[in-house]
Amino acid sequence: LAPEGALRDLSPSELACRAVDAGVESVIVLDLSRVGSSEGADEATMRELRAMLRGVDLIAGGGVRDAADLERLAAAGANGALVATAVHRGVIGSDWA
């Protein structure tokens, strides 16, 4: 994709586009600052990436609070979401599996 260290200067969108150009078919969009926080998922980034990366599976992660967040992420273009903290806390149940 790029020489060692060069990827650090790319935005998440630029990095995802490069990965897709290299043949990646699925991208996990994980905001590490939101993992375990239950502060809500980053819908804006998901919308931005969906507009740029049609035909690619996008999996959101970080900050998912509840089923309403999953619905908003789906509306923003996510094909799935990582929900470990919400499941662990019992906020999202097996009906979303």
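View 1. Strands (E, at least two residues) and helices (H or I, at least four) are DSSP runs, numbered from the N terminus. This is a predicted model, in which local features need pLDDT of at least 70 and side-chain atom pairs count only at pLDDT 80 or more, while totals for chains, interfaces and linings use all residues. Residues are numbered from 1 along each chain as its sequence is written, and side-chain values use heavy atoms, leaving out hydrogens and water.

**View 2. Pairing of E1 with E2.** Strand E2 (residues 57-61) runs parallel to E1 and is joined to it by five bridges, where pairing requires that DSSP finds at least two bridges between two strands. The bridge partner of Val29 in E2 is Ala60.

**View 3. The buried side of helix H1.** Within H1 (residues 12-21), the residues Ser13, Ala16, Cys17 and Ala19 are buried. They lie on the same side of H1 because they cover an arc of only 160 degrees around the axis, taken from the directions from the helix axis to the C-beta atoms. The buried residues of H1 pack against E1 and H2, contact meaning heavy atoms within 4.5 Å. Just after H1, Gly23 takes a positive phi of about 110 degrees.

Terms used: Buried < 20%, exposed > 50% of the residue type's maximum accessible area, 1.4 Å probe, protein only.
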